[in-house]
Structure formats: C-alpha cells, structure tokens
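Welcome! Take a moment to look over the sequence and the fold below, and then we can walk through a few of its parts together.

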Amino acid sequence: MRIVFCENAVETLTYFSRQLAQAFESWGYESFWMDFEKLGLSAWKLRQEVAERKKETVLLTFNFIGLSGEAELWETDDAGEPVVSLWDKLGIRCLSLMVDHPIYYYQALQIPPADLQTFCVDRDHVAYMHRFYPKIPCSFLPLAGNCLIGCDASAAGLYADREGGLSEQETDEQALYEQWLKRPYPLVFTANYVPLSNIDRQLAQMGPEYRNFYYEMIESFVQDPKQELFTCIETYLRREMPDLSDAELCAGMSSMPAVDLWVRTYFREKTVRILAQGGIEVHLFGKDWERIACDCPRALISAGRMVASADCVQAMAQAKLALNTMPWFKDGAHDRIFTSMLQGTAALTDDSVYLRERFTHMDTIVYYDLSRLEELPEQVGILLREPERLFAVSRRGKAAAQQLDQWKNRAQLLRRYLQ
C-alpha cells in the first residue's frame, strides 16, 4: 500500500506526518510526499505513480490539508467551477486528522471526498461530528508525543549527552537522576505568543450588537473555564434564536473560532504572567513573547523567534518541568504533554476528562487548575524544591508515554482504517 503524506504546508503537521511515515515504512508501507511548495508538480507525479504502479493508495493528512479546495487538486469545468477532486478521480481513500475543533473546518466539511474517514483529538469533537456530520465517519484519535527524527536526533544526541537531556544509556537510577539534575531549564513552555489585541481587532470589525454577544460568551468562559466549547456557545445561540435547526446551528458555529482563540489565548497569557510575577522563571520557546505585558519581565526568558518542532523537543529534553496550556480540549490532550513525557520531563498541565482517565496527579503528571491560577507559582516552587519527587514523576510519565503515546502507537491504530 502507498500512503500519501503532505509536507511544507504547516511545519508542525509535517513533523507529525514524518513520524507516522517512519512507523508505516517500518511495516513495509510506501510513502509518497505531496509537497505543498510544489503542489502542481506533486499532483502530476501522483497521477503518474497511480497510473504506472497499480497499488492501493490512501491519503493521510491533518486539518484537511489537500482537501480544502486547492486549485491544483481539482478538475474544473469550462466555467472554472470545480467538478471532481484528484482523490475522487484516482479513487483514493482519504483520512484526515483534525487537531482543532471541527468548527475550524466548516468549509472543507462541505466538500468532502467520496471516501473520507475523519479523526478528532478530543471526544467532545467526535460527538460534534456525529451530530452535525453523521454521514462522515469520525473516530477519536488523541495526539501523540514528538521525538527527534533523522538528522534532528543525530544533531541533538551530542548536546544531550553533554548536558544530560536525552541519552539513557546508563541504566543506574541514581546516575540517571544526577544526569537529570544537570538539565539547564527548570521550567519550559514551547508555544508562540499571540496578543489578545490581535483578536480584539478582529472582533472590533463587528457591529456593536454582535461584538457584545461575543464578549458575553467570552466572559462566561473566563468565569467558568471548565465549560466545553460547543455546549456553552450553543446555549447562547439558542437564547437568541431558539428555533435554530441543526444545519443553522452548525453554520453559526463556523463563525465562533474567534471565541475559542480569544479564550485559549487569554489563559495562555495569564498562566505565564502569573508564574513570572510569582517569581518562577519560565524559559519560552516561541515567537513574540517579548510583547507580553508583565510586572516581572526578567523571569520570562525567551528564545525570541519562531522555533521548529525539533527545537521544541530539544528544549523539553533539557528541562525538568514543561508547561502546557490546553487549547480548550476538555476531553482530549495536546501533543506538548506527551512530548515532554517522552523526554523524561514532568508535564505540568490543566486537566481534561481524558487525561484524568489516563494519568494520576503527582504519579505520572502534574495538574493545575485554571480556576485557581493564583496558586500556580507556589505549586511550581514546591515542585522545583523537591527534585527527587519531580524526577520520580518524570520517570513514571515517560514509561507511560513510551508504552502508549508515541506516533507509532497512533499509526498502529490508523492501520485498521487504511483498507
């Protein structure tokens, strides 16, 4: 079987795809890479491959990349209207993994290929798909943790052995603990900073009535951050329009990503600021953190640039504790959690139903409460002053993630959907 993967569209998703491809290739599958920097050429090569070598072919993509109406992947009529996609023309089964809520993919979901299987990283998102897109199969597939691959792993190995981040050739637990103590970063956070003012400017373009309605929903999430995204928004929409059909509700939800982005951005910023103002140094790997307003900017040590996925893995591998703020997944998990665990770094995160089922606080993971962020600096300070306890959490977390939460584990689950 030939599996088509996409590259050079979104760096993070390319990195996920490369790890999946590595697993499939180890089982004898063939990979074909659709290069989005040369999309027309890649589409032509795929047609040639399928025509010349009769082999079952499947597309495995993220976020509907390649399935979002790209001109190079559609045949059009004389009027220039799309008629049939490359995938339908070649009879290629399509698997798409959504790493955000389905409301972000409303347009793509209106033009699905004939043979489509979707996946969501949160079980609430799966329920949304089942309700609003019952004809499109959808299953739960959580994100997985990144590991260094190829030349990234080779380059990192020398530094890791020297600084005590990645190598575990020594099996003696005390030696591993002493090596872990040498890690240079007490706490890291691998994420970009987006100022809330950027999203506020988008909302400011709305009329006053709509803008006030959006901010009312936003305030509801700020006051009660345990709420699931769709359930809360549906309540507000039906308050204004009680007779909404499901089709109308689904269309209305497609205009709500701004609410999701505002809320997740607010809590990301607030979490980092509270840590810094509480005297906790945070090593930030991502762009624009110099723009955050903070009373204690010295505690925020920023790389000052966009960093690639491999850089994020290496940063976590040199830390004792790694911060995660969830992108409003209330029944799922983010890849930052599993990536930190795989590097032998304790994961510090807000929780979800799924995470609570999988991991126990202070056994394999460390949870904090979005409703009680003022307690976070003290919580982190205590953890860092008890390195033996934190090391034990990191060791148990790594063992758990190695068993079930690498991309090869997700590839194994995906195999049943390939036929």
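Which residues in H14 and H17 meet each other? Keep in mind that this is a predicted model. On the H14 side they are Phe338, Met341 and Leu342, and on the H17 side Gly397, Lys398, Ala401 and Gln402. Sorted by class, this contact holds four nonpolar, two polar and one charged residues. The axes of the two helices, H14 and H17, come within 7 Å and cross at roughly 115°, so H14 and H17 are roughly perpendicular to each other. Their crossing is left-handed.

Next, the sheet. Its six strands are arranged in the order S11-S10-S9-S12-S13-S14, with parallel pairing, and the sheet is open. Strands S11 and S14 stand at the edges with a single partner strand each, so one side of each has no neighbour in the sheet. On average, neighbouring strands are turned by 30° against each other, direction ignored. Helix H16 (residues 376-384) packs on this sheet, and its direction makes about 165° with that of S14. The strands that H16 touches include these:

| Strand | Residues |
|---|---|
| S9 | 185-190 |
| S12 | 319-324 |
| S13 | 346-350 |

Leu284 has Ser302 in S11 as its bridge partner.

Finally, a single residue. Arg273 belongs to helix H12 (residues 257-277). Its side chain makes a polar contact of 2.5 Å with the side chain of Glu269. Beyond its neighbours within four places in sequence, Arg273 is in contact with Ile292, Ala293 and Cys294.

Conventions: Residues numbered from 1 in each chain as written. Predicted model: local features only at pLDDT ≥ 70, side-chain atom pairs only at ≥ 80, totals over all residues. Heavy atoms only, no water. Pairing = 2+ DSSP bridges. Helix = DSSP H or I, 4+ residues; strand = E, 2+ residues; numbered from the N terminus. Axes fitted to C-alpha atoms, helices over the stretch in contact; angles between N-to-C directions. Contact = heavy atoms within 4.5 Å. Polar contact = N/O pair within 3.5 Å; in protein donor to acceptor, adjacent residues only side chain to side chain. Parallel < 35°, antiparallel > 145°, perpendicular 65-115°, else oblique. Left-handed = near helix turned anticlockwise from the far one by under 90°. Nonpolar A, V, L, I, M, F, W, Y, C, P; charged D, E, K, R; others polar.
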